[in-house]
Amino acid sequence: MAILKLEEITKVYEGKVTHRALHQFNLDIEKGEFVAIMGPSGSGKTTLLNIISTIDSPTFGSVTLDQVQPEEMTKQELALFRRRKLGFVFQDFHLLQMLTVEENIILPLTLDGKSVDFMKKRVEELQEKLDLTSILSKRPNELSGGQAQRTAIARALIHQPTFILADEPTGNLDSKASRDVMELLVKINQEQNTTIVMVTHDPIAASHCDRVIFIKDGEFFNEIYSDDRRQTFFQRILNVLSLLGGNVNDLSTVRLP
Ligand SMILES: Nc1ncnc2c1ncn2[C@@H]1O[C@H](COP(=O)(O)OP(=O)(O)OP(=O)(O)O)[C@@H](O)[C@H]1O
């Protein structure tokens, strides 16, 4: 059974000019899937991720996450749901500059009123896995991009969420740090069976996923599944991107690093 189900999602932004960002979008994601969402700029990817993450609500259609419907929850229930079930990873890390790496990581637990012992135990569990031990007392401005993103991923994982929602997690990283972050997300996905949905422009990042969903003008365009050979999956991703349009033809002979 799908752990995440979108049925006939339409999103209309009202304003001076009304804009329909999503149109009758359907999506089923199984528990433990790692799914990338790709599409041209303005195609509705962030709108889709915001609806999945309950940050925004659809104009029409229904969302079911882990068997609950966010539209039926009160504001407080929704805030608690988000805090306990969802972990967020962003392109620009969203770390608090005045806090250390460790304090940033435990922030969601602090907000949830967990005991100091519990927080220490969780940090210990994560620090080795995410290679954070030597940077726990640093502040964000002393970190490399890769270290900052690993910190943000630890913060997203600290409360053992059901879903990780990532918006361009490799967007600010060089190719080595991008690969490290993607390999880390794959490891989390495989070892903890965490369901991950990631918006990305980067076909190399997407080639680490189980499935890539392509969106165009707010509508479902295509989807492809990994066949376990990352190079061929990467080439198939490039093929669909070239059908979608945009500046991807010059990537068609690129090989995975
Ligand atoms: N708050 C808003 N009010 C009005 N229009 C909006 C709003 N947010 C997004 N849009 C419009 O909806 C469309 C989809 O935007 P969205 O940010 O979801 O696209 P995207 O695929 O994530 O783009 P990008 O890759 O450039 O980040 C765009 O045309 C955008 O201008």
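**Ground rules.** I am working with a predicted model, where local features need pLDDT of at least 70, side-chain atom pairs count only at pLDDT 80 or more, and totals for chains, interfaces and linings use all residues. Residues are numbered from 1 along each chain as its sequence is written. My helices (H or I, at least four residues) and strands (E, at least two) are DSSP runs, numbered from the N terminus.

**Entry 1, the ligand.** I looked up which residues are around the ligand and found Y13, G15, H19, A21, G39, S41, G42, S43, G44, K45, T46 and T47. For this, a residue's C-beta atom, placed from the backbone, has to lie within 6 Å of the molecule. Both β2 (19-30) and α1 (45-52) supply at least two residues of this shell, and α1 gives the most, with three. I sorted the shell by class and got two nonpolar, nine polar and one charged residues. Ala, Val, Leu, Ile, Met, Phe, Trp, Tyr, Cys and Pro count as nonpolar, Asp, Glu, Lys and Arg as charged, and the others, Gly among them, as polar.

Next I checked how covered α1 is: six of its eight residues are buried. They are K45, T47, L48, L49, I51 and I52. Buried stands for 20 or more other C-beta atoms within 10 Å of a residue's own, exposed for 12 or fewer, and partly exposed for in between, with C-beta atoms placed from the backbone. Just after α1, T54 has a positive phi of about 65 degrees.

A reminder to myself: most residues other than glycine have a negative phi. Q67, with phi near 70 degrees, is in the loop between β4 (60-65) and α2 (75-85). Q67 is exposed, because it has 9 other C-beta atoms within 10 Å. H94, with phi of about 55 degrees, sits in the loop between β5 (86-90) and α3 (101-111). I count H94 as partly exposed because 14 other C-beta atoms lie within 10 Å.

The axes of α5 (residues 145-157) and α6 (residues 175-192) come within 9 Å and cross at roughly 20 degrees. So α5 is roughly parallel to α6, a term for angles under 35 degrees. The contact (C-beta atoms, placed from the backbone, within 7 Å) uses G145, G146, Q149, R150, I153 and L157 of α5 and A177, D180, V181, L184 and I188 of α6. By class, I get six nonpolar, three polar and two charged residues there.

Methods: Axes are lines fitted to C-alpha atoms, for helices over the stretch in contact, and angles run from 0 to 180 degrees between N-to-C directions. Angles under 35 degrees count as roughly parallel, over 145 as roughly antiparallel, 65 to 115 as roughly perpendicular and the rest as oblique. Two residues are in contact if their C-beta atoms, placed from the backbone, lie within 7 Å.
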